[in-house]
Amino acid sequence: MEHLVAWARGPAFIFSFTFMVLGLLRHLALTFWQFSRAWRKAGDKSLPLKKVALETLRWMFPVNCLREQALFSVTSILFHIAVLVVPVFLAGHIALWARGSGWSWPAVSNGVADVLTIVALFMALALVVQRLAAQATRALSRPQDYALPLIIALPFASGFLVMHPALNPFSFDAMFFLHIMSANLLMILIPTTKLVHAALFPDLQLVSEMGWHWPPDAGSKVGISLGKEGVRL
Amino acid sequence: MNHRTRYSYYVEERALQGTDRPRRFLQAFAVILEHSNYGLPLEVYTRISAKCNRCASACQLYQSTGEDRDIPCHRSELLLRIYRRYFTRAGVLQARLLRGFTLTDAYLDELAESYYRCTACRRCKLTCPMGIDHGLVTHLARWLLAEIDLIPKALLVSVREQLEGVGNTSAIPVPALRDTCQFLEEELQDLFHVGAKFPVDVEGSEFVFFPAVSDFLLEAETLMGNAAVMHVTGGSWTIGTHNYDGINYGLFYSDRMMERIVRNVAREVRRLKGRKILVGECGHATRSAWFVPTFCGPDAPEVVSCMQYAWKQLQAGKILLKDEKILERVTYHDPCNIARAGRITEEPREILKAICRDFVEMIPNRTRNYCCGGGGGTVSIDEIRAFRTGPMGRRKADQIRQTGAHYLVAPCANCKKQLREVCQDNGLDNVQVVGLHDLLLKVIDFGGQDASGIPAGDAATES
């Protein structure tokens, strides 16, 4: 088991982490490249940047968004806070980074991390239940929409048991292995599923705005390419 | 022959003749992706769509029907699925390995129905955490459908008349336009004792005027209001006889048509050596005109809405108002095309507050307003009236009812037609749908004129 744990936190982690970072960079680079190409082609290059920035901030701190679907919104916001704070600001994680790279940053206390972990677990479950409970979300949902909150919950549940051995009915190593491997899986999934919004989120409003900025002659060129230019309507 | 059995709306015969529609649709999709900028949003939307369902709560149609097909995200997925399957490497690979989705005739029929159940009002965009603009997806989907001739006949006939017929969507010939302008001038003289003119083909004017051309047939008081404002402010304006139609149904079904129509507007301004485009009371005409810089470059004429002009002149003290205000309760409907992005929301309100004693807001309003129910050109499709005023318009009818207003001001030709029908079909018989300039006209002080010029019984006023 020790070998497995060493493999999981060694090569498997390095692979998953690198995959995630490179994958997200690829998404960012592709989006940036497509955006700049679209902007170069656009007839009207003026973009309402202030409005776009405000809209982006509105969704980064979505207080106003509680007006609609309040229960779902609260669930989602709490879930996001927990899944962002715990992995990055857990003292144990920071210590590992400090040992490996020399970088460190302030941590949240383990008590806060515990609370947020429990919040993450309950909210993940609540997201799935709410998705199942409403006809509209059932109609929209793909398998990944149900699976992802549960997969995200895995490293939190296993991490909690690693931190609290007295509550852990399984062996420490087995739980530690599960914790690292579920986190590794998640890092693979981030750039390959809708979780990619973790990186693309700041660009999304800009992308939608750019969608209305067209090349001046796109219509004529389409007409020529389809052999319809000059053809009566 | 009209084909209504297959779709809710009439289409032309040729729309049903093609045997290889999926291939032609995909060919058009590929060509549009090559020449347009739609690839960027489609690529991002396919990756990040979270299927969270927030958009459903924003959609007035879904609020009414509760049908899965009316969830904005569900509708957008219809097109995103095609994009993902045929235009992404992962989709092509997945199809080779696992088969899966294939574009069929039946699927195209579903698209044709679904994208005309959306008014492209873009209210749902405000509620999408991922910023997905479902209105943009509807806009593109309709263009793709148009390239395989799936276009509501009402829209196609109007654009055909505008681009290949008389030159405007209402098929009003120039002599009829001149007669109408003369008639309106006489009306202004008779009713208000004012010599306001409708200048025609005056070169070098600051503004060339583009109302929704249907106003010449249906909205005399709005146009008289426009002329009155220009008269009292000494505005330099003209109507051009080569193009006097601000309507642009290209916005509703084809960027190819939109480009041609917008260029025709700019061409008329240049012919008349005008400097600015003055758009009448019309939401989509204004939004289409805002695309002038897209199609005509940075030197394109500036676009000014008649409401922006009127408010600026009112602020400058150039429009004198009578002491009497409009007495009846007035409410204001924000046309989606000018309000959703927050571009014109305050000017009409400021004018109304200045001229009405009892102005009340609809809730919600401004950028979060509900569509009249006839947006995206659907108001022109008479055969779907029951849908427009029923499931699509019911939410708006409730909003209007709650205000208790007598005058419902809607500065948009399409909204006005739709809202009159919404009121008729939802028992709002006491509501009068009018333009902003209709009310403004009633209270402009033309200088020592007698208030008895106001048509009796048309507007109660107080001193």
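**Notebook: two chains and their contact**

I began with chain A, where residues 24 or more positions apart account for 70% of the contacts with a separation of 6 or more; I count two residues as in contact if their C-beta atoms, placed from the backbone, lie within 7 Å. Before going on I noted that this is a predicted model, in which local features need pLDDT of at least 70 and side-chain atom pairs count only at pLDDT 80 or more, while totals for chains, interfaces and linings use all residues. Residues are numbered from 1 along each chain as its sequence is written, with chains lettered from A and ligands numbered from 1 in the order in which they are written.

**Chain A**

I found 11 helices and zero strands in chain A, taking helices (H or I, at least four residues) and strands (E, at least two) as DSSP runs numbered from the N terminus. A compact globule of 233 residues would come near 17 Å, but chain A has 22 Å. Its C-alpha atoms fill a box of roughly 80 × 40 × 35 Å along the principal axes. Of the 233 residues, 33% count as buried; I call a residue buried if 20 or more other C-beta atoms lie within 10 Å of its own, exposed if 12 or fewer, and partly exposed in between, with C-beta atoms placed from the backbone.

**Chain B**

For chain B I listed 23 helices and nine strands. A compact globule with its 463 residues would have a radius of gyration near 23 Å, and chain B agrees with this at 23 Å. The box filled by its C-alpha atoms is roughly 80 × 50 × 40 Å, again along the principal axes, and buried residues make up 56% of the chain.

**The contact between the chains**

I noted 47 residues from chain B and 45 residues from chain A in the contact. On the side of chain B that touches chain A, α2(B) gives the most, with seven residues. That side divides into 23 nonpolar, 12 polar and 12 charged residues, where Ala, Val, Leu, Ile, Met, Phe, Trp, Tyr, Cys and Pro count as nonpolar, Asp, Glu, Lys and Arg as charged, and the others, Gly among them, as polar.

**Helix α5(B)**

What is the bend of α5(B) at Leu78(B)? I read about 30 degrees there, as the angle between axes fitted to the seven residues ending at a residue and the seven starting there. The buried residues of α5(B) include His74(B), Arg75(B), Glu77(B) and Arg84(B).

I placed Ala228(B) in helix α12 (residues 220-233) of chain B. Why is Ala228(B) counted as buried? Ala228(B) is counted so because 23 other C-beta atoms lie within 10 Å. Not counting residues up to four places away in sequence, Ala228(B) touches Leu188(B), Val194(B), Ala196(B), Leu441(B) and Ile444(B). The C-alpha atoms of Ala228(B) and Glu185(B) are separated by 9.7 Å, although the two are 43 residues apart along the chain.

Key: Rg over C-alpha atoms; globule rule 2.2 N^0.38 Å.
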